[in-house]
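Me: I'm new to this one and would like to go through it bit by bit. Can you start with how the pieces are named?

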Amino acid sequence: MRARTRLGVLLALLVALLTSGTVPASPTPMAPRARTTVLDGVRLQWAKARLDRGDPHLRRALAALRVRADDWLDQGPWTVVDKPRPAPGGDVHDYLSQAPYWWPTRPPTAENPWGCPYEQRDGERNPEVDTGTDRQDVEKVFDSVYDLSLAWYYTGERRYAQKAGQVLRTWFLDPATRMNPNLDHAQFIPCRYDGRAIGIIDFSQSFTAVLDALALLDTGAPGWTGTDRAGMKKWNTDFLGWLRNSDFGRQEAAATNNHGTFYDMQLAALALATGDRALARRTVLEAGRRRVVPQIEADGSQPQELARTRSWHYSTFALVAHTRLAAIGRHVGVDLWAYRGPDGQSLFAAVRYLLPAATGAADWPHPELGFLRYAATDVVHAAADAGDRRARRAVPSLQAPPGGDLWALRPAAEQLDAITG
């Protein structure tokens, strides 16, 4: 983060702390700073300090976070080895997900367990996607580890850290249950494609949250050992190597839509988490030219996303990748928010394009099968924190997502609405 930007954030947090009326005579020691990749560890420190001093706004947010974390305590752990059929290569440790709109044409048999050949039924979701592969389980891994690690960081309660550690060890580390560090069989189509490059987005959507969860646990979580830390670093290093060197990884890196942006976000985060700051910095530096300019118009519209039947969802979804990539940039001295393309393209413009609909001031004027206003809440928060005045004015009019607005406790954009397919 630039020195001026970091100073501004610290001053804003200090003002909020001093004006909250909860500063004690004897300051409470600050929690250790987490060396996060997307989240700002300093902001998390200040948020915890304000919580410890009784800040009512943050206490409400923490109550909502605890509801989510408590719900995970009796679930999982999950593993790639318990799917009913292995990936096409035959290794149950390989991650497997399936293209959602392709269906079998024959009943499964011992000789033809998938019921091949498959045919496409556009818009009709095959339930095998949710029951016969690892897709839903990996999403539970990502979400649970993030919620549980944040809950431990802010409350200090051992049960949250211990559950997060169990989930991580089962999915990534234990030899009997671990996932191989590749996505060779993501978004496969039985009897047609053993895997596809676009399946990388199964991980790039949310895996960066796991990297931040690891950083939180590394600040001293009970039960999280040096062996665990080393094992996760090794897994992440191997996965980063696969992303950079595999054919699928190279294809996804070349994508000119949101897939390419999510790929860059994941690549930069993994590079930073595993110690390759130069790669992380280079990836963010090139994102203006390679991602902002081709995807965002001068007026802030995103033509590739507006052409879809879920144009609101995908416009906010793409900005999750852009704004999280900008957050990674702060850690390596790159201000992606300040980037302006040759025709004025910018992340600020893209967020401003959403503001009328995000605040309820106007209808969204493009195709959208299921408009959810709160889908834009996090990306507007991100622009406001980055200094955009229009976004700051919009914040009080934003719609909180189900379960409450957790931005104050985890200030990095998430995909707040979910669609299938």
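Reply: Helices (H or I, at least four residues) and strands (E, at least two) are DSSP runs, numbered from the N terminus. This is a predicted model, in which local features need pLDDT of at least 70, side-chain atom pairs count only at pLDDT 80 or more, and totals for chains, interfaces and linings use all residues. Residues are numbered from 1 along each chain as its sequence is written, and side-chain values use heavy atoms, with hydrogens and water left out.

Me: What comes after α16?

Reply: Gly-387 follows α16, and its phi is positive, near 115°.

Me: How many residues of α16 are buried?

Reply: Eight of the nine residues in α16 (377-385) are buried, meaning under 20% relative accessible area, where over 50% is exposed and in between is partly exposed (1.4 Å probe, protein chains only). They are Thr-377, Asp-378, Val-379, Val-380, His-381, Ala-382, Ala-383 and Ala-384.

Me: What covers them?

Reply: The cover includes α14 (311-331), α15 (347-358) and α17 (389-394). Contact here means heavy atoms within 4.5 Å.

Me: How do α14 and α15 pack?

Reply: Their axes are 11 Å apart, at an angle of about 140°. That angle makes α14 oblique to α15. Axes are lines fitted to C-alpha atoms, for helices over the stretch in contact, and angles run from 0 to 180 degrees between N-to-C directions. Under 35 degrees counts as roughly parallel, over 145 as roughly antiparallel, 65 to 115 as roughly perpendicular and the rest as oblique.

Me: Which residues make that contact?

Reply: From α14 there are Trp-312, Ser-315, Thr-316, Leu-319, His-322 and Ala-326, and from α15 Leu-347, Ala-350, Val-351, Leu-354, Ala-357 and Ala-358. By class, the contact of α14 with α15 has nine nonpolar, three polar and no charged residues. Ala, Val, Leu, Ile, Met, Phe, Trp, Tyr, Cys and Pro count as nonpolar, Asp, Glu, Lys and Arg as charged, and the others, Gly among them, as polar.

Me: And α11 with α14, at what angle do they cross?

Reply: Roughly 25°, and the axes of α11 and α14 come within 9 Å. That makes α11 roughly parallel to α14. Among the α11 residues in the contact are Phe-262, Met-265 and Leu-272, and the α14 residues they meet include Phe-317, Leu-325 and Ile-328. Twelve nonpolar, four polar and two charged residues make up the contact of α11 with α14.

Me: Which helix holds Gln-266? Is Gln-266 buried or exposed?

Reply: Gln-266 sits in α11 (258-273). Gln-266 is buried, with a relative accessible area of 1%. Beyond its neighbours within four places in sequence, Gln-266 is in contact with Ile-200, Phe-203, Ser-204, Phe-207, Thr-208, Phe-239 and Leu-243.

Me: Change of topic: how many disulfides does the structure hold?

Reply: One. A disulfide is a pair of cysteine sulfur atoms within 2.5 Å, and here Cys-116 is joined to Cys-191 with S to S at 1.5 Å.

Me: Why is the disulfide right-handed?

Reply: Because the torsion about the S-S bond of Cys-116 and Cys-191 is about 75°.
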